[in-house]
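Okay, thanks for coming, everyone. Let me put the structure up, and then I'll walk you through a sheet, some aromatic rings and a pocket.

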Amino acid sequence: MDATLLPAALADTRDDFLALAVRDRLQLLLDFSNELPELPQHFRDHPDLLERVEECQSPVYLFVEVVDGVVRLHATAPAESPTTRGFASILVQGLDGLTVDEVLAVPADYPQSLGLGEAVSPLRVRGMTGMLGRVKRQVRERVAA
Amino acid sequence: MSVEFDPAERFTAYAHPERLVSTEWLAEHLGEPGLAVVESDEDVLLYETGHIPGAVKVDWHTDLNDPVVRDYVDPERFAALLGSKGIARDSTVVIYGDKNNWWAAYALWVFTLFGHEDVRLLDGGRDLWIDEGREITTEPTTVTPVEYPVVERDDAAIRAFKEDVLAHFGNPLIDVRSPEEYSGERTTAPAYPEEGALRAGHIPTAASVPWARAAASDGRFKSRDELDAIYRDEVGLADGDEIIAYCRIGERSSHTWFVLTHLLGFEHVRNYDGSWTEWGSAVRVPIVSGSERGEVPAR
């Protein structure tokens, strides 16, 4: 992965995870999980606007807006799915507020760089890869629309 | 040292009522010497958000699967895991988890491969415990590590491999996946990630009995009569049958294995953990698509 393309917030998150012992990475993921912001009111009123991520074992929904070239990312997942919430929260904190080009330049294998394979299993990390792919696809759709 | 069985009335009709405990029983026995409580969930972080006081976590993926070979951990690793959780060979282990004990049953099956004798499920699992307003805590459980002996895993009795399935045709097979996976519309459970099966459908002659049909609406197991109506009357299983159950990676079929073995008393039930992710990618094994069971393949 070309580190020069990685937005600062995502790079910080990666460094934070890698600085920890494997078992402490779970705790950090739980912290992210607890920090996932509530959906804005207009999405809570219209859950049909959200897109479900099929790659994830638990129901997680994403929605991307592009306003003046800036990406706004919203996500929701149930409290019973803290791992999925944690993944979504990492992406929301790392991508929300970036430009379209910055989001599209995030390497597709970013989730694999967090050192979570051993802590949560590579299979589960793939759920986050699916989320990232869908965010980028939605960004492309919004820009094209 | 083993803890007394739950004498609950509603368990007595099952073949092995000693394999279940009720939430009431567990609440009364928490902290008793010889009792170990294990939470095993699909989500690797769910335990950290709140667990039964004194419970330890065993993750199906990171703890029970070998990190390199597609197999369960070896005897040394299993012994180290259980010892580190404070579980002795003679401990009574009560396992509970999310999703109707789907993953808890999987952990119980793996414990059984290693011959851990007294291992039980909490009927209703994590959800029922919480729905009843019982105590959960985020307080880390402090355990005193113990010595767990290194015991060879015995795969012969309750685990089937692909070759066993090929030799099994003519005997009952139970496919516990969703109807869409059985018919071949898809290779993964609805809303689950693709796990790499190249072909879709089911093993010829397998009966479709989605695993969750064994669960009642409150997450407990259905009654003996209801279960007999499904597995004996509808599917046609009979005492003495050799039975193999399978799903996608062997987790949902562990739940059915538990039902057939411990609740209904079938003595020769094996779980094919290679399941669809192996069969659906293997070269030249017979597959049937559509909702019919299909015929025994010609040899």
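Strand β4 of chain B, residues 92-96, runs parallel to β5(B), and 3 bridges hold the pairing. Two strands pair here if DSSP finds at least two bridges between them, and strands (E, at least two residues) and helices (H or I, at least four) are DSSP runs numbered from the N terminus. One of the partners to look for: B:V93 has B:V119 as its bridge partner in β5(B).

Quick housekeeping: this is a predicted model, where local features need pLDDT of at least 70 and side-chain atom pairs count only at pLDDT 80 or more, while totals for chains, interfaces and linings use all residues. Residues are numbered from 1 along each chain as its sequence is written, chains are lettered from A and ligands numbered from 1 in the order in which they are written, and side-chain values use heavy atoms, with hydrogens and water left out.

Back to β5(B), residues 119-122. B:V119 and B:L121 point one way, B:R120 and B:L122 point the other way, and all are buried; buried means under 20% relative accessible area, exposed is over 50% and partly exposed is in between, with a 1.4 Å probe and protein chains only. β5(B) is also joined to β1(B) by 2 bridges, again running parallel, and there B:V21 stands opposite B:L122.

So what is the strand order of the open sheet in chain B? Reading across its 5 strands, you get β1-β5-β4-β2-β3, with parallel pairing. β1 (20-21) and β3 of chain B are at the edges with a single partner strand each, so one side of each has no neighbour in the sheet. For β3(B), 2 bridges make the parallel link to β2(B), residues 35-39, and B:E39 sits opposite B:K57.

Now the rings. Over all chains, the search turns up 15 aromatic pairs. The rule: rings of Phe, Tyr and Trp (its six-membered ring) pair if their centres lie within 6.5 Å, and planes under 30 degrees apart are stacked, over 60 edge-to-face, the rest tilted. B:Y72 and B:Y106 are edge-to-face, at 6.0 Å centre to centre and 65° between the planes. B:Y72 is in the loop between β3 and α2 of chain B and B:Y106 is in helix α3 (residues 102-113) of chain B, so this pair ties together parts 34 residues apart in sequence. Both B:Y72 and B:Y106 are buried.

Then there's B:W102 with B:W211: centres 4.9 Å apart, planes at 55°, so that one is tilted. B:W102 is in helix α3 of chain B and B:W211 in the loop between β8 (207-208) and α7 (224-234) of chain B, so the parts tied together are 109 residues apart in sequence. Those two tryptophans are buried as well. Ring pairs link B:W60, B:Y72, B:W102, B:W103, B:Y106, B:W109 and B:W211 into a cluster.

Last stop, the largest pocket. Which residues lie nearest its centre? They're A:E118, A:A119, B:D59, B:T62 and B:D63, out of 47 lining residues. A pocket is an open set of points on a 1 Å grid over the protein atoms alone, with protein on both sides within 12 Å along at least five of seven lines, and lining residues have an atom within 4 Å of a point. α2(A) gives the largest share of the lining, 6 residues.

Technical notes: 1 Å grid on protein atoms, 1.4 Å probe; cavity = no way out; pocket = protein on both sides within 12 Å on 5 of 7 lines; lining within 4 Å.
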